[in-house]
Amino acid sequence: MTYILWGSAHSLYTGKLRSYLIKKGLPYRECLPSDPDFAARILPAVRHRVIPVLETPAGEILQDSGDIIDYLEALHADPVMEPQTPVQQIVSALFDGVGSEYLMPLAMHYRWTYRADQEVFLQAEFGRTVAAGHSREERRKTAGAVMNHFASFLPNLGVLPETVDVLETTYLDWLDALDAHFQEHPYLLGGRPCRGDFGMMASLFAHLGRDPVPAGLMKRKAPNLYRWTERMNLAVISDGEYPAYAADYVPDDGIPPSLEPVLALVFRDWAPGLAADIAVFNDWAADKPAGSIVSADGARRVHPSLGPVSYDFHGTVMRRGSAPHAVWMFQLAQKRAAALADADKARFDALLGRLQGQSLFNLPIVRDMARADNVLVLA
Ligand SMILES: N[C@@H](CCC(=O)N[C@@H](CS)C(=O)NCC(=O)O)C(=O)O
């Protein structure tokens with residue numbers, strides 16, 4: 001009954017899936033891509049060099065942290081890791097997108113812009129993933145090439161000398177709002193983690209909560225958020241810091257008031273880029289047949305792009321490659337919002353009205369997407 005998690009300690013999306021496996025109480029053991037079995041069996045099945053990958057006891061080989069969580073949630077009813085009420089489900093999906101997509105360039109920025117300050121740590125982390133069992137010197141050398149590869153992603157993520165200041169200033173607002181929230185609540189939606197918490201673990205654990213430079217920042221500025229990154233990897237739901245808290249989502253489909261300032265940042269900071277991503281996607285998708293791989297050149301990619309986007313971000317021009325994966329994740333929240341029944345819709349609209357979120361939820365996305373054979377395709 002043991003699952004195999006192919007991943008690594010310093011991997012963004014492995015952090016999302018590992019936390020889920022721990023909270024769900026599923027037995028697993030973790031294997032690293034430096035294990036020869038990864039190249040021999042896993043790569044040919046997935047057809048991407050990517051982690052995390054889950055191998056099930058039945059021998060299935062699955063990729064994409066979110067798809068894997070969907071698969072496991074459908075298979076194992078208890079303990080439930082997703083609220084069953086409509087507005088909380090929208091907010092959960094939204095935060096999954098925020099942590100998996102919006103915050104990812106920030107995570108990459110704090111890892112690679114400050115590379116020189118944390119070089120030995122990163123060498124050790126990348127080293128154990130690519131060259132297990134070798135000498136320390138050899139590992140550090142081997143790690144260097146892979147590190148250069150990932151560091152080279154920064155410009156395409158919009159991390160450029162002229163955008164670093166605004167990225168850092170706005171991130172401080174997120175640290176503050178999340179810190180205030182986790183002072184009062186163990187998880188985003190109350191006393192039980194949801195899909196949104198796991199999504200947020202993607203960026204906020206392995207990079208922003210663990211690499212020496214950003215982890216130091218988080219500990220100094222947002223210790224309650226740091227503690228949440230620890231809590232998310234504990235095999236229990238309740239936390240003694242909140243003795244009166246039931247191990248459940250807040251009642252009546254409510255959104256904790258302290259989460260509203262965080263949601264306001266989602267709309268303030270994610271909306272401009274997401275609107276640009278949606279516009280590029282809509283143009284590209286208009287005349288493509290169902291089944292087309294969502295990628296400018298049609299190639300299979302872990303993070304496909306449909307060409308460049310540029311938009312105003314707090315007075316700075318942000319330029320980066322478009323991110324259709326972000327559109328795909330946001331679309332789920334949007335579809336859930338469109339399906340709300342009257343009273344729930346009124347409640348959700350009031351929330352959007354208070355937080356300036358309506359225009360984002362009103363943006364039309366002209367086509368549906370799906371994942372097939374480990375890539376994003378037009379439905
Ligand atoms: N959508 C995928 C993304 C996985 C991903 O980007 N994994 C990183 C490591 S954290 C990777 O292997 N990247 C390889 C690449 O981008 O080429 C998921 O959620 O699993």
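Helices (H or I, at least four residues) and strands (E, at least two) are DSSP runs, numbered from the N terminus. The structure is a predicted model, in which local features need pLDDT of at least 70 and side-chain atom pairs count only at pLDDT 80 or more, while totals for chains, interfaces and linings use all residues. Residues are numbered from 1 along each chain as its sequence is written, and side-chain values use heavy atoms, with hydrogens and water left out.

The protein chain has 15 helices and eight strands. Its radius of gyration is 20 Å, close to the 21 Å that the globule rule gives for 379 residues, so the chain is as compact as a globular protein of that length. Here the radius is taken over C-alpha atoms, and the globule rule is 2.2 Å times the number of residues to the power 0.38. Along the principal axes, the C-alpha trace spans about 60 × 55 × 45 Å.

A residue is called buried under 20% relative accessible area, exposed over 50%, and partly exposed in between (1.4 Å probe, protein chains only). By this criterion, 57% of the 379 residues of the protein chain count as buried. The accessible surface of the chain comes to about 15,400 Å², and carbon and sulfur atoms account for 56% of that surface. These areas come from the Shrake-Rupley method with a 1.4 Å probe; for residues, only the protein chains shown count as cover.

Contact means heavy atoms within 4.5 Å. Among contacts in the protein chain between residues at least 6 apart in sequence, 75% join residues at least 24 apart.

The chain is divided into domain 1 (3-75), domain 2 (86-108 + 161-378) and domain 3 (114-153). These bounds come from an automatic or database domain assignment. The C-alpha centres of domain 1 and domain 3 lie 22 Å apart. Six residues from domain 1 and seven residues from domain 3 take part in the contact.

With a relative accessibility of 63%, arginine 49 counts as exposed. Beyond its neighbours within four places in sequence, arginine 49 is in contact with Phe38, Leu43 and Val302. Phenylalanine 38 is 11 residues from arginine 49 in sequence, and the two C-alpha atoms are 9.5 Å apart.

Another cis peptide bond joins aspartate 78 and proline 79, with omega about -10 degrees. Proline 79 is placed in the loop between α3 (65-75) and α4.

Two aspartates have a backbone angle to note. Aspartate 64, in the loop between β4 (61-63) and α3, has a positive phi of about 85 degrees although it is not a glycine. Aspartate 64 is buried, at a relative accessible area of 11%. Aspartate 253 sits in the loop between α11 (223-231) and α12 (260-285); its phi is positive too, at about 60 degrees, although it is not a glycine. Aspartate 253 is likewise buried, with a relative accessible area of 5%.

Helix α11 itself contributes Asn224, Leu225, Tyr226, Trp228, Thr229 and Arg231 as buried residues. What covers them includes α1 (12-24), α8 (164-184), α9 (195-204) and α10 (212-221).

Not counting residues up to four places away in sequence, glutamine 89 touches Glu82, Pro83, Gln84 and Arg336. Aspartate 67 is 22 residues away from glutamine 89 along the chain, with 16 Å between their C-alpha atoms.

Valine 91 is also found in helix α4, but valine 91 counts as buried, at 2% relative accessibility. Leaving aside neighbours within four places in sequence, valine 91 is in contact with Leu189, Ile255, Leu259 and Leu263. Cysteine 194 is 103 residues from valine 91 in sequence, yet the two are 9.6 Å apart in space, C-alpha to C-alpha.
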